Amino acid sequence: MRVDKRKLYHLDWYLIINGLALFAIGLMNLISATSSFYSGSYSFIIKQLVAFCVGVILIGVIINVDYRSIASRSHVVYFIVLATVVLVLVWGMAAGGARRWISIFGISLQPSEFIKPVLVLLLAGILHEKKREKALLGPGDIVVPFVWTLLPFILILLQPDLGTGLIILLVALVMLWFVGMKKSTYAILIAVGTFLPLIAWRFVLKPYQKQRIYTFLNIDADPLGVGYHTKQAMIAVGSGKFFGKGYMQGTQHKLQFIPEHHTDFIYTVFAEEWGFFGSIIFFLLFITFIRRCLRISQDAYDDLGSIIAFGLATIIFLQFAINVLMAIHLAPVVGIPLPFISYGGSSLISVLVSVGLLLNINMRRYMF
Amino acid sequence: MRKGDKPYNSRFYARPRGAEYEKVMKDGSLPDKYRWCKWVLILTMVILSLRLWHLQIMQGNEMRRQSEMNRIRIKKIIAPRGVIYDRMGRVLADTRPSFNLYITPEDIKDFNQTVDGLATLMGLDREEIIDKLKAASGFPSSFPVKIKSDISMDELAKVEANRVYLPGASIQIEPKRNYPHGTMMAHMLGYVSEISNDELKKKEYKAYSPGDYIGKYGLEKMYESYLRGIDGEKRVEVDAMGREVRTLDMKEPIAGNSMYLHVNLDVQMAIEKMLDGKRGGCIALEPKTGAVVALVSRPAFDPNTFASGITKEEWRAITTDKAHPLQNRVIQGRYPPGSTFKVLTALMALQEGLINEHTGFSCGGGFPFGNRVFKCWKKGGHGGVNVRRGIVESCDVFFYNVGLKLGIDRIHKAGSSVGLGKPAGIDLPGEASGLVPSSEWKKKTYGVPWYEGETVSVAIGQGAVWLTPIQLVQLSSFVANEGITFKPQLVDKILGPDGKTLKIFAPVVTVDMKLRKDVFRIVKEGMQGVVNEPNGTAYGSRVENVHMSGKTGTAQSSTLEGGRNLGDHAWFIAFAPSEDPGIAVSVLIEHGGHGSSASAPVAKAVAETLFTVKPEIKEASAGASR
């Protein structure tokens, strides 16, 4: 299948430039986060660049295929990804007490990252079909989407990876809200929504996850464990003051006071070195990026495109918001990567796949 | 789009742009949720900005301070203590590098893990570590607390290998006091040890902190302020494990001042050899300046034990030893001077004109006085004795008579005026006074009057007269110098770390007493005879080529150990050469028996070392000081 030259012309350059800017900032930040005062290891940067190239190639492939064709085959991809998630649970590599990675030809992959865009595609297809029949979804209509969501949700919780699990659950809910539901559906969701956390607290959450929530509520109760890390993260952010300590000058992360400072706590590195001023610009870049995604959703050729784009925008937004809120102690500590910025090939490729889908939808907004 | 409107077909339905946009959205199947999205994004931005404003602007300074505190530690660099040399520049005390184990409370992650881990690795008591941490509780938690000094290479390897499991533990290389000659000169040099909690509370130790070493004995204590030096400090950046990452800036420590002593290591070693295995003391000094050439007290202790951080067991062993190794017998041991005291009795009787060179008394081996008979050491008696022979042969009866003529108060006055019964003023801490009794003293102390019979005893250095070896060396000097004594001084000069002389200790006259010339001549002739005449009590210790003058003493002791009398104390005081005295010596050997046989050979060894060239001694000393 060849791409119409005119369609290339319709590539959303705003989205591309905005995304590139975020990635460039992320790469620059990663160099600082992964080097000490004396020596730097470029292996992180090289891996990140390789993942970026893979992502760009995937974008090239994705934009060549009409998103409707992709959506119609999304259940195939969905099951493949789900199978790898199961594989991870069986054979996966453990790191930090969790089985999240699988090694294929020497490349470590985190399949749960890919479930996010794939689930959006699948749900969008299903919801779009439902919407063709009725304006508002009744309680019965949300059963199937929930089954598709809960399947990976449970598998991911087993890893355990509470962060990714929460994201996909929230995305599903937001997408339901987006397509519109009956009042009765809302009522049922709210009822389940109040009971589920109680059940989760009693049966699902692991002690360390509960500990994180306790710690979030009372940071001083755990001055040496998670509380210590949260406190050090806040000190890192706060010590940046208005203009920051300067690039490569962040002592909090360079001297290892921040755990996971190149993945989940990457924002603290940026805030420490660039301060309030840099952070505001950084936030604005994210907000404009998400605005752009929503615009694509708004301008999509059809409802399917709108729903997909909205779901993808939601994923990026939720990851951004929760990650930053966690770093500044407005949310409990959960392992969620910051799109474009955190180190991690799977996360970056997953984000770039989303970008590819968004470009795809945008290119085809004038189809006749 | 409401239900029942035209069928929705996404494939053929293109949404118009521009002006029709709003309308189409409202007619479409999807409700317009984008307005909500706009508000969600704005709300997110507002929340994030406000929180950041709070953290980075309002709390920014505090957070910056905390991040600095996190990473910057001020570490003390301990100044090496000043080196102590003998008069020829041979090292008596210096410093060597040692490894010390510290705990920085702030860096501890799990208190029990670190403390128990170290306790197991180092074979320490958990309580011991906690006590040390408690002692430093008044200091900031970033202050490293010394747990163990001078750990072995083996222990060092164990700690380094387990550093990951022992957050907060660190090892510092620091200078440690080293005494190359071990127990030799222990009482003179003294020792350094960790400052105690009680000392820390005192005002004069305000500049010290826990774990600091401080001179606690001997010269180390006396000249603490000169020897100590000024500690430097460096600001280092540490990581979350408390490991040093880099040094930010540094104030170099300034080494302590070095000290040159008057001590001659050869003489010191000759005496140490003679006194080996005995209890006693010996001091040799230059009568013309008061410069102390050697000072030995036995038994001794090894000051290196203290510098390495003495254990409770080692300390208990030293303090409960019946031989009292920590006592400096030369300046703290008080003994009846025995016959050496006769020198003073003779001097004063001659000066007062109570006797002259030819005055004679008859010795029949005993002296009846009151209702008892005071015996002479020579059972058969000496026959007719004058003062010269009285000294040479140490006739007791002669001095019983002279003593009675003098009376106790004149003996007391004479003793005081030559410095007996009071500290000689040597530059060591803790010198004892001793006692030369007077009738007034007895009245005051016991409330009873003095009896003449006691004077008889005192005249030959028995009874209530208690003197230290250093006081008797001053008596010897007094005779050698014919009326002048100098304050005994160990330190010659103090040099700054740059080699410049800071302080020179000039001789200080302590006694200057004008006696008639012939008084000294007569007494000196007697003392010369003691060593150099066949009937002299120390004839066996005469020195080839050099004339030594001396006086033996055998002081009765009633010390019992295990129900057995340990025997008399052996004394010998001397100066040499007789013609132009360059050295004065006083030797005491506790329970050594006769002064002539036990103590005089020590003085002989001193004179030989100084005034006759003996190849084997030179070689031996060169070997030992290497």
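**View 1. Helix H23 of chain B has a kink of about 30°, centred on B:Pro601.** The bend at a residue is the angle between axes fitted to the seven residues ending there and the seven starting there. H23(B) covers residues 595–611, 17 residues in total, and it goes by a DSSP label: helices are H or I runs of at least four residues, strands are E runs of at least two, and both are numbered from the N terminus. From its first C-alpha to its last, H23(B) reaches 22 Å, close to the 24 Å expected at 1.5 Å a residue; that expected span is 1.5 Å times one less than the number of residues. Mostly, H23(B) is covered, with 14 of its 17 residues buried. Here a residue is buried if 20 or more other C-beta atoms lie within 10 Å of its own, exposed if 12 or fewer, and partly exposed in between, with C-beta atoms placed from the backbone.

**A quick note on what you're looking at.** This is a predicted model, where local features need pLDDT of at least 70, side-chain atom pairs count only at pLDDT 80 or more, and totals for chains, interfaces and linings use all residues. Residues are numbered from 1 along each chain as its sequence is written, while chains are lettered from A and ligands numbered from 1 in the order in which they are written.

**View 2. Chain B averages a pLDDT of 86.** That score is the predictor's confidence in each residue, from 0 to 100, and 92% of the residues in chain B get at least 70. Over residues 1–27 of chain B, the pLDDT is below 50.

**View 3. Chain B meets chain A through 38 residues of chain B and 44 of chain A.** A contact means two C-beta atoms, placed from the backbone, within 7 Å. On the chain B side, H2(B) gives the largest share, 13 residues. That side divides into 18 nonpolar, 10 polar and 10 charged residues. Ala, Val, Leu, Ile, Met, Phe, Trp, Tyr, Cys and Pro count as nonpolar, Asp, Glu, Lys and Arg as charged, and the others, Gly among them, as polar.

**View 4. B:Glu352 sits in helix H15(B), residues 342–352.** B:Glu352 has 13 other C-beta atoms within 10 Å, so B:Glu352 is partly exposed. Its C-alpha is 9.5 Å from that of B:Arg410, 58 residues apart along the chain.
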